[in-house]
Amino acid sequence: MTQASGIAASMDKVRADWNMSRESRFVRRRAGLPSMGASADWHYRNEFAYYADIEKSRDMDRNDSIVGQTVDRAVANIVQDGFVLDCKTGNKSLNRDLKARFLHWASDPEACDIAGEMTFHDFETQSCRGMMIDGDCVNLAIHGGSLQHLEAHLIRDNSNKPNTFLGVTKNQDGRRLHYWVQTEPVDPSHQNGSRGESRPVMVRNDFGHRILFHVYRPRRASQTRGVTAFAPIFELTGMFEDIQFAKLVQQQVVSCFAVFRKRNYIPDIPGQPPKGYGAASKEKTADGTRAIENITPGMEIVGDYGEELEGFSPNVPNAEYFSHVRLMMQMIGVNLGLPLCLVLMDGSETNFSGWRGAIDEARKGFRANQRMLVERFHKPLYRWKVSQWLAEDPALRNAAKKSRVDIYAHKWNVPKWAYINPVEDAQGDTLVLQGGLNSRRRLHGERDGAEWEELSSEIIEDNALAIEGAMKKAKAINSKNQGGTPVHWRELINLPMPTGVQMTMQDPNVIELQTEQAKQKLQTEASRV
């Protein structure tokens with residue numbers, strides 16, 4: 001029996017299970033996990049911890065030397081100069097009208113923001129920052145046509161309402177019905193005492209259009225609220241700042257010491273106290289008193305009897321410190337979607353190919369965040385604005401009723417990035433167009449968010465203006481130079497020629513003479529025949 005038990009025990013250890021299923025010295029025990037699985041919200045079932053983590057992240061953004069600036073770099077790459085609206089109703093005149101309406105509203109803080117402070121681009125920037133630092137934020141459509149930006153801590157409910165979690169009420173299918181919003185006190189000194197009951201705000205209006213735009217980046221479908229991007233690196237960033245502070249203190253301390261004292265044992269001389277490092281003081285402790293040496297940079301130390309003074313110049317920080325700091329900044333940056341060269345805004349760590357490869361990988365994450373902003377904020381907001389304009393303008397309602405018109409159809413051209421290698425990238429775009437691999441409107445929309453219809457009109461108008469000016473000036477020159485060689489308008493302007501096309505400028509008189517000579521030659525040959 002003993003032998004069988006030993007065999008069974010041995011066979012139990014070699015079963016082909018997942019290694020992660022068995023705790024060992026290599027598989028650490030992870031606390032706080034539901035034994036039978038749970039939704040994503042289970043991990044923030046403690047509401048106090050959720051809102052406390054938001055404030056911790058905001059403090060890190062305010063006070064840490066690296067994290068806040070890293071978020072700024074990420075937001076600057078994601079939002080840039082803003083997202084560009086491209087209306088697709090099927091009617092060019094209607095497209096121009098809708099876009100003009102939106103641009104007028106978006107660029108006017110008094111119309112766009114209920115507080116009269118932010119433009120639509122500011123809402124884009126604040127929404128992106130709120131998503132990364134707090135975990136989420138809400139932009140609320142107000143009845144008058146403006147927006148109200150609500151930070152994450154204002155979405156909460158003080159009472160235990162059914163089917164409500166962290167200020168969000170959903171039905172059994174997970175469809176969001178309304179959010180509970182608290183009023184922000186004007187005086188921050190009354191932050192904790194003047195908050196009243198939360199008021200419910202519906203997610204959709206009577207027409208089914210969203211009027212509450214929740215900007216967050218869920219990692220699981222069952223996640224109700226967003227979680228700060230600092231969550232996986234919170235301990236790392238805190239220790240990074242501690243190490244930085246400790247190294248600075250160490251540098252200050254070693255800067256105060258210029259010598260080491262070496263001394264042999266010498267009996268104390270009566271009436272002659274031992275020499276210290278300068279003015280000293282005493283401090284009472286539980287064990288008695290202790291002397292405190294008041295050291296300062298640049299101080300002179302006088303040797304005591306029998307002492308030998310030796311120079312002291314430590315290497316602080318040491319060489320290994322810099323590689324360790326780079327590693328920690330890489331770990332911080334990769335969790336925020338930035339390579340080290342963008343975190344430091346320094347390309348000396350790599351060559352051009354390494355820089356370009358790192359930037360290309362980072363842009364994949366930027367594009368994912370841009371798509372998320374479009375789906376959760378821009379698209380539903382535009383549909384709400386169009387529905388508002390339809391309710392206010394009978395002419396727009398009549399235009400929307402026309403056949404082949406989809407009044408809500410549109411596209412958002414997300415911001416792109418400048419060429420890393422302008423010459424090669426531009427040549428690549430030229431080959432793509434010549435080979436018919438992409439259209440001009442799509443290429444420009446992907447590159448810089450520009451509309452080809454608008455861009456081509458500008459190119460034609462610019463060229464027409466230049467040609468008309470050159471023709472007018474050439475005519476004025478020829479009228480003053482009667483009998484001389486006429487000036488062609490192309491001599492006054494340098495317009496780019498299509499790829500592969502060359503043109504040579506010649507004197508018109510020479511061309512006319514060559515033509516006459518050719519005619520005479522043909523007539524002579526014909527008479528001989």
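**Ground rules.** I number residues from 1 along each chain as its sequence is written. Since the model is predicted, local features need pLDDT of at least 70, side-chain atom pairs count only at pLDDT 80 or more, and totals for chains, interfaces and linings use all residues, while side-chain values use heavy atoms, with hydrogens and water left out.

**Entry 1, a sheet of 3 strands.** I looked up the strand order and found β3-β2-β8, an open sheet with antiparallel pairing. Strands (E, at least two residues) and helices (H or I, at least four) are DSSP runs, numbered from the N terminus. Two strands pair if DSSP finds at least two bridges between them. β3 (147-150) and β8 (212-216) are the edges; each has a single partner strand, so one side of each lacks a neighbour in the sheet. From one strand to the next, the twist averages 20°. Angles run from 0 to 180 degrees between N-to-C directions, and axes are lines fitted to C-alpha atoms, for helices over the stretch in contact. I then noted that helix α10 (residues 352-392) packs on this sheet and touches β2, β3 and β8, its direction making about 170° with that of β8. Contact here means heavy atoms within 4.5 Å. Between β2 (residues 136-141) and β3 I found 4 bridges. In one of these strands, β3, Leu147 is the bridge partner of Ala141.

How far apart are the axes of α3 and α6? Helix α3 (residues 67-79) and helix α6 (residues 120-133) have axes 10 Å apart and pack at about 135°. The two are therefore oblique to each other; angles under 35 degrees count as roughly parallel, over 145 as roughly antiparallel, 65 to 115 as roughly perpendicular and the rest as oblique. Among the contact residues I listed Val71, Val75 and Ile78 of α3, and Thr125, Cys128 and Met132 of α6.

Is Arg129 buried or exposed? Arg129, a residue of α6, is buried, with a relative accessible area of 17%. Buried means under 20%, exposed over 50%, and partly exposed in between (1.4 Å probe, protein chains only). Leaving out residues up to four places away in sequence, Arg129 touches Asp61, Gly68, Val71, Asp72, Val75 and Asp134.

**Entry 4, a sheet of 4 strands.** This open sheet runs β4-β5-β6-β7, with antiparallel pairing. Its edge strands, β4 (164-165) and β7 (199-202), each pair on one side only. I counted 3 bridges between β5 (residues 168-170) and β6 (residues 176-181). Thr169 stands opposite His178 in β6.
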